[in-house]
Amino acid sequence: MKHQIHIIVIAVLAGWLASCTGTSSSGMLVEYRRSGGFAGLDDRVVIQVNGQATLTRKAEHYEFVLDRDTMNQLQALFDDAEFSKLRREYLPPRQGSDLFEYVVTYNGHTVRTMDTAVPEALWPVLELLNQIIESGGKP
Amino acid sequence: MKRRIVVLLTVVLVVLATFVSSSPGFSQPPTPPGVEKLRQDTGGEVDITWDQESGNPSFIRGHIPLLPSDLKEKADPAMAALTFLGRYIDVFELEDPKAELEAVGFVTDELGMTHVTLRQVYQGVEVYNAVMKVHLSADGKEVVAISSGFVPGIALPSVKPQVNAEQALTTAKMAMPEGELTTDPKIVVYAGATGGRSGALARLAWLVELWDDWPPVDNVYVVDATDRVILDVLDRLYEGRDRRTYTADHGTSLPGRLCRREGDPSSGDQDCDNAHDFAGATYDYYRNTHGRDSYDGRGATMISTVHYGRSYCNAFWTSDRGQTVYGDGFPVKDVVAHEWTHAVTQHSANLEYRWQSGALNESFSDIFGAMVDRDDWLMGEGLPPNCLGGREAIRDLSNPPRFGQPDHTSDWVSTCSDNEGVHTNSGIPNKAYYNIATAIGKDKAERIFYRTLVIYLQSTSSLKDARAAALRSTQDLYGSNSTEYNAVRDGFNAVGLDGVWQPPPNDCVCAARTTLLEKAYPDRLAALQVVTTLSRTRDQLLNTTSAGQHYRTLYYRHTGRITYLVLRDAELRAMGQRILHEVTPGLNQLLDGKGEQTLITHEVVTEVTIFLKRLAEADKGGPLAQAIEQEMKRVDLQGLAGMTFEEAWKRINNP
């Protein structure tokens, strides 16, 4: 029992990260979060390997399944972007106002970026993920 | 050498002309003979503003009847205006209005009034920037005002240029070798710049406009069409309102391809034209209402880019590029004014874009967005339907809860997202402004809030500061015993900003990551390694056992308070960083299955103990302090010293 206090500290320290980055799951392929912008969005979509997707838009919650073509397209775009080779962060030197912040996790690798600093190769990925959010899974 | 002498002579002449025209003897201009007729026609009810340079009227206000002969031309307002002016040629020293003025166009406003714009020409050649506007009443029976920039007394020997366009370009390029020609050189009659115009000094000239794309430089060279002398250089960038609008063509490179510059006609691209026109409307608002010359107060060029990205439902102001950017359909009036107000804020109070100051930053953008687009209290009502998601607008200053914003401090929203809720809690000051504006009128309210923003607020101002600053501004403008002062006080009080209220602690754990780890940590690379280790700890250790889950849950319960206390105490923050740094190697080895290789030292245990006690003290008996006290009673922290990470982890899972 006396070891628990040390774990408290570890838990406290580790927890600092928890809410920022969410939790990982063995079946999860993609986690995408888009926040800010003129409308102050807070959109989060989690896509499982089997295409099951969970979309959260502030208080709204949707579940849907992405078709095979979309999943293939998504994975191809991640491959084209050489996502695993991207840095963890691409941020503008000075932020500005109403910019979107994007946090994308794919196969365990997370990239955080913002408008005006998004790597060119990542844009097609973001555009497809944005379409998935806007359509709420509807074709 | 000869050219230099000529330039010098021209300068001397212009200086002399300016001197003469501004000499004391000119302060009482002689009344043109036609003015008496004008007075008779209006029964003496006419107000005339005189142009000091020309001695002619520059603005006439009254009720000047149109005669049946004028009204015959009613179907064509421009012809009616020209016929009307024909009866008052002596007032403006016109000779033949239909030969000296040509119609540019007319607009009919929302009150039904028609405003005709006429351009001066001399023997068929345009006189640079010489415009008359005739303003007709809604019933079309009278002229209610005339704005005149007519230049009388032009007498040129010929309007045939002796210097051709190519030679004029060569001359201009000598002054700006790197400049690119924007449009073909244009022949005009140049009578001098504003403040020194004279028909007697008018010359036939080429206007040669050269520009550099980035950083933007735009000069118009006025080249004498008789002897290749540069008569004047007009700096378009700082000639009052100056806009450059680009299109990204659905890419993301900024600024993109130029689609419209200041003075250009409509481009035909609706987004380009809207961004351009509404940037102009925003410029005019700040200039006319608050006397501010562009967003920086110094005439900065307003650069916009439209058609940014694909499926991009957003608009933003980027400090890096110093420009606004719009996705398809986003350049609507209030959004454009909102974005440019971010630029105004950056160049005045420079409110930090997070937490309370960020909410104020957003609120001022909404407030002045609503003042530019004045007919309602909605923000973004004209956005494309696919970007509104079935809603009528994005925000409503008169009723913030309608679109999910709080309108009272009791509903303050704590969130990590969106720079800690800048677009959410802005609803509170938005509603305060609405309360005030509806009590004393928009004209007074906007004056008070502009003064608040540019005079009294600073980067980290809170909502409470904004209340105090607005009251100070009101006191400056209207006195402290005024109706206005009471309205401002009551407007803030009604949303819970009573001068005492403070928001709850910011329980945003992202602040810990961004501020503690990324900003305050001395070594950025080491900070990232710590982040990685903690993520792995969370996923591989804490999430996989019941004991780990227990402590993670405990953490979530108190995370806000921990973050709040740590971020506000430099010593606690430093201790936290030190502990993170010291335990990271051991945690990594534990995660890699080598936890038996690293010992937990006495120093670390001591530091952790002090850290937790300090944290509890800082919480002053709050729930976090109680939780720490309970755990400290249950375990002997010092007993951990000398154990390996592996031993500690096994122990926790098999107590």
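Student: Which residue does B:L101 stand opposite in β4(B)?

Tutor: In general, strands of a sheet pair through backbone hydrogen bonds, either parallel or antiparallel. In this predicted model, B:L101 stands opposite B:Q120 of β4(B), and the strands concerned, β3 (residues 101-108) and β4 (residues 114-122) of chain B, run antiparallel and are joined by seven bridges.

Student: In which sense do β4(B) and β5 of chain B pair, and over how many bridges?

Tutor: The pairing of β4(B) with β5 (residues 125-136) of chain B is antiparallel and extends over eight bridges, with B:Y122 standing opposite B:V125 in β5(B). Two residues lie between the strands of this hairpin, where B:Q123 takes a positive phi near 45°.

Student: Turning to chain A, what is the order of the seven strands in the open sheet?

Tutor: Reading across the sheet, the order is β4-β3-β2-β1-β6-β7-β5 in chain A, and the pairing is mixed. Its edge strands, each of which pairs on one side only, are β4 (60-65) and β5 (89-90) of chain A.

Student: How many bridges join β3 of chain A to β4(A)?

Tutor: Strand β3 (residues 52-57) of chain A is joined to β4(A) by six bridges, and the two run antiparallel; within this pairing, A:A53 has A:F64 in β4(A) as its bridge partner.

Student: Which strands does helix α3 of chain A touch where the helix packs on the sheet?

Tutor: Helix α3 (residues 123-135) of chain A touches β1 (28-36), β2 (41-48), β3 and β6 (100-106) of chain A, while the direction of the helix makes about 100° with that of β2(A).

Technical notes:
Residues are numbered from 1 along each chain as its sequence is written. Chains are lettered from A and ligands numbered from 1 in the order in which they are written. This is a predicted model: local features need pLDDT of at least 70, side-chain atom pairs count only at pLDDT 80 or more; totals for chains, interfaces and linings use all residues. Two strands pair if DSSP finds at least two bridges between them. Helices (H or I, at least four residues) and strands (E, at least two) are DSSP runs, numbered from the N terminus. Two residues are in contact if their C-beta atoms, placed from the backbone, lie within 7 Å. Axes are lines fitted to C-alpha atoms, for helices over the stretch in contact, and angles run from 0 to 180 degrees between N-to-C directions.
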